[in-house]
Amino acid sequence: MERDYKEIVAELKRTFANGTVQFRSDNNRPYIPNQVYTDRVESATESRWNLEIKELEINVPHRYVKSIVKIEIDVYSRDGYGFAVIPGDPATEPKNITTAVDQAVNEAYLTALDSYQMGWRDLAPYKKNDWAGNPALQHLLEHMNPGKEAKIAHSKEAIHRTCLVCNKVLTADEWELLSQVPNLNREKMTYCFEHIPDHLKRKINKDTLRKFEA
Ligand SMILES: [Zn+2]
C-alpha cells in the first residue's frame, strides 16, 4: 500500500538516529549530512520523488552562481534556492566554477528540504539561542531529548512496513529501531522487535533496547 502525502511528510519530519547531527570542522556548527536527508526522502517516499534543477545561473563576470531546485513528492512540489560566490579568478582556476555550482545546487536542495522541517527536531537542541528558542517552536524541543523516554515511547502508528518473519506491520518505533543497527538496509531487512536476529540486536545501544523491552 502506498503512503499518502500526509504520511510521507510526517515521516520526513521525524527525528533521525542518535549521532546524526555532526559539527563542522571549521566553525563547529551543527549540521546533518546531505546523504542522510536523501536517504530519508528515499525511504519516506519509497523512491517516488523527483529532484529537478529549475534554474542555474552561472555568472562568471560577476563571479556568482545561483540555483533553484524543485523537489516533487506526490503531486506537490517545493522550491529551494542557493547561491555561491566563485572564488579567485575563474579564468585561471575554472575548477572554482564547478565547485561553486555544486555549492549553489547543494544549498538549494537543503533549502527545499528545510521547508519540510526535516531535521528540525534533531537540530533544535543546538539552536536554542537561535530559532529553536522561539516559544512558537517549543514543541520541537519537547519531543527531543533522546536520552529520556520521549523518543521511543511516542508514536505507535503503523507505517506500512511488515516483518519479514511474521508479516506483522511494524510500529513506527520498531521501524526507527532498525535505523539504529549500523549498516542495516532496513528497506530489505525489515523485522519486528521480536524477530530482529540476535547478532543485529547486539549492535543496538543497550539503553535503547532496554527501553524497548520495557
Ligand atoms: Zn516479526
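I call four donors tetrahedral if all angles lie between 85 and 135 degrees. Donors are N, O and S atoms within 2.8 Å of the metal (3.2 Å for Na, K and Ca), and water is not among the atoms, so sites may look incomplete.

This is a predicted model, where local features need pLDDT of at least 70 and side-chain atom pairs count only at pLDDT 80 or more, while totals for chains, interfaces and linings use all residues. Residues are numbered from 1 along each chain as its sequence is written, and side-chain values use heavy atoms, with hydrogens and water left out.

**Entry: the zinc ion.** Which atoms coordinate the zinc ion? I found Cys163 (SG), Cys166 (SG), Cys192 (SG) and His195 (ND1), at 2.0 to 2.4 Å. The angles among the 4 donor atoms run from 95 to 116°, and the site is tetrahedral. For reference, the ideal angle for four tetrahedral donors is 109.5 degrees.

**Entry: the strands.** Strands (E) are DSSP runs of at least two residues, numbered from the N terminus; two strands pair if DSSP finds at least two bridges between them. Strand E3 (residues 49–59) pairs with E4 in the antiparallel sense over 10 bridges, and Glu57 stands opposite Lys66 in E4. E4 also pairs with E5 (residues 76–85), antiparallel over 10 bridges; there Ser67 has Gly82 as its bridge partner.

How values were computed
Tetrahedral: all angles 85-135°; square planar, octahedral: opposite > 155°, others 65-115°. Helix = DSSP H or I, 4+ residues; strand = E, 2+ residues; numbered from the N terminus.
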